[in-house]
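Me: I would like to learn how to read a structure of this kind feature by feature. Could you take me through it with the general idea before each case?

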Amino acid sequence: MTDELRPELQALQQRLQRTLDEGRDAARVRRHQAGYRSARENLADLVDTGTFQEYGQLAVAAQRNRRDYQELQTSTAADGIITGTATINAGSVGVGAARVAVIINDYAVLAGTQGFFHHRKLDRLCALAESSQLPIIMYTEGGGGRPGDTDVLTHIAGLHVESFSRWAALSGKVPRIAVNNGYCFAGNAALFGCADITIATRTSWIGMAGPAMIEGGGLGKVDAREIGPIDVQLKNGVVDIVAEDEAHATALAKQALSYFQGPVQDWACTDQAPLRDLVPLDRRWAYPVRKVIETIADTGSFLELRRVYGRSIITGFIRLEGQPVALIANDCQQLGGAVDAESSEKAARFLQLVNAFGLPVLSLTDTPGFMVGPASERDAAVRRMSSLFITGAAMRVPMVAIFLRKGYGLGAMAMTGGSFAAPVYAAAWPTGEFGAMGLEGAVRLGYRKELEAVADPGEREALFERLVADLYEAGKATEAASYLEIDAVIDPIDTRLEIVRALRAAAVGGK
């Protein structure tokens with residue numbers, strides 16, 4: 001035995017070194033100067049230490065006939081995309097549930113553009129993820145398709161690549177989380193947009209074309225930072241979660257992934273007593289429903305998606321006694337909790353996602369119904385609101401509905417899978433109130449003649465308030481429960497306990 005390495009092993013180690021940050025120090029320095037991390041620094045932060053198995057590390061750009069081969073090994077290391085498998089969150093969810101596929105586009109290689117071998121590696125990982133049922137986390141920074149891969153002589157436009165269809169075909173088969181920092185244009189943006197959950201830093205610009213393509217299309221010169229800045233892509237729902245930087249984005253990706261990985265053993269919850277007082281005594285006052293969510297959920301487990309898009313419905317994930325649960329909730333501080341076209345589409349897409357991967361749903365309902373009126377119809381309300389009924393009818397996961405206050409009309413039904421009978425358990429707090437439409441509207445519509453018959457404005461208002469109070473008494477939670485339109489009326493302090501019981505009875509999360 002000798003300690004001296006054989007020549008071929010020395011050559012391999014040198015070759016591998018050229019793909020790592022230590023062998024590409026200039027590229028790493030440029031990333032740091034821009035305020036960003038290298039692709040491999042993101043990789044190291046993402047995966048459990050020592051678990052990453054890399055695929056295609058020795059690839060280079062298909063440009064050997066025009067550039068020095070050894071130079072390509074460093075400047076186009078891994079052909080600009082790091083691919084492999086690893087575990088993530090094994091310490092909390094267990095090794096068996098922690099296996100994932102990882103794809104990280106490397107902007108330090110030809111601006112993260114997609115070349116011939118780049119696509120081959122991407123396709124390989126997508127196929128592996130499908131066959132092995134591995135969730136995927138992809139970092140998408142990059143400039144789209146790459147000109148200049150002159151080694152490839154069988155392409156004209158290069159449009160017969162399978163990467164985009166392979167990635168899209170994974171929808172509903174394995175969870176896909178996209179993370180972006182920096183510029184993400186063209187093909188990279190298409191991959192980002194196809195993901196199930198999208199996370200982007202504040203220093204992200206995401207668009208279906210970069211400056212060169214825009215100018216080439218005769219649309220003028222634009223600066224890259226004018227294309228899809230984060231404030232635009234957050235408001236329009238392209239980005240689910242905004243991160244402060246790459247480290248924060250990586251932490252969020254790991255948290256988002258964890259809900260699809262299953263239960264955790266370590267959990268805690270806060271005192272439930274404050275739930276009794278979170279809904280105001282005056283039924284006309286709004287309240288912060290996120291406080292309700294954070295109180296019911298395991299401490300620190302609430303992760304919200306699309307916070308500023310479709311704001312009247314909150315969507316996200318929580319845990320209850322360690323079990324992952326998908327959540328939808330009306331926000332009565334936005335449109336009074338009315339379900340509008342935008343929030344309907346947002347909630348329907350979310351429910352499709354969690355249904356595909358077997359996550360039970362908690363609906364915290366407090367809505368006067370669907371948003372109505374000419375402006376609502378201009379937003380395609382009929383089609384977009386109806387999507388909630390289509391999604392609800394297709395759901396195979398159990399839903400628990402808790403009515404915090406208002407449960408009116410079609411909007412309330414849409415929040416509960418399409419019918420109050422759809423949830424495995426539907427209960428209300430004592431503040432619950434029910435009806436075919438909002439009480440005030442019902443009085444104005446149903447008692448118009450009686451109200452018009454009262455000439456004195458003060459007396460008319462007093463009659464109106466009395467009629468509203470009568471309808472409230474007829475439709476309050478205990479009455480709805482007595483007619484079996486809901487299953488129970490519960491003390492708010494018991495909400496968490498009752499949800500857990502219902503989900504256990506529905507065989508969610510084991511014994």
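Reply: Arg40 lies in helix H3, where helices (H or I, at least four residues) and strands (E, at least two) are DSSP runs numbered from the N terminus. This is a predicted model, in which local features need pLDDT of at least 70 and side-chain atom pairs count only at pLDDT 80 or more, while totals for chains, interfaces and linings use all residues. Residues are numbered from 1 along each chain as its sequence is written, and side-chain values use heavy atoms, with hydrogens and water left out.

Me: Is Arg40 buried or exposed, and which side chain does the side chain of Arg40 join in a polar contact?

Reply: Buried means under 20% relative accessible area, exposed over 50%, and partly exposed in between (1.4 Å probe, protein chains only). Arg40 has 13% relative accessibility and therefore counts as buried. A polar contact is a pair of N or O atoms within 3.5 Å; within protein, one must be able to donate a hydrogen and the other to accept it, and residues adjacent in sequence count only if both atoms are side-chain atoms. Here the side chains of Arg40 and Glu54 are joined by such a contact of 2.8 Å.

Me: Where is Ser38 placed, and which residues does Ser38 touch?

Reply: Ser38 sits in the loop between helix H2 (25-33) and helix H3 (39-46). Its relative accessible area is 4%, so Ser38 is buried. With residues up to four places away in sequence not counted, Ser38 touches Asp21 and Arg31.

Me: How should I read a whole helix, and why is H12 described as largely enclosed by the rest of the structure?

Reply: As a general idea, an α-helix has 3.6 residues a turn, so residues three or four places apart point the same way. Helix H12 (residues 289-296) is largely enclosed by the rest of the structure because 6 of its 8 residues are buried. Those buried residues are Val289, Arg290, Val292, Ile293, Thr295 and Ile296. They pack against several elements, among them strand S9 (313-320), strand S10 (323-330), strand S12 (399-408) and helix H21 (495-505).

Me: What is the relative accessible area of Ala428, and which residues does Ala428 touch?

Reply: Ala428, placed in strand S13 (residues 425-428), is buried, with a relative accessible area of 0%. Leaving out residues up to four places away in sequence, Ala428 touches Phe403, Phe434, Ala477, Ile486, Ala488, Val489 and Ile490.

Me: How many disulfides does the structure hold?

Reply: A disulfide is a pair of cysteine sulfur atoms within 2.5 Å, and the structure holds 0 of them. Cys184 is in no disulfide, the nearest cysteine sulfur being that of Cys194, 11 Å away. Cys184 counts as buried because its relative accessibility is 0%, whereas Cys269, at 35% relative accessibility, counts as partly exposed.

Me: How many helices and strands are in the chain, and what share of its residues is buried?

Reply: The chain has 21 helices and 15 strands, and buried residues make up 52% of its 511 residues. The C-alpha trace spans about 95 × 60 × 35 Å along its principal axes. Of the contacts with a separation of 6 or more, 73% are between residues 24 or more positions apart.

Methods: Contact = heavy atoms within 4.5 Å.
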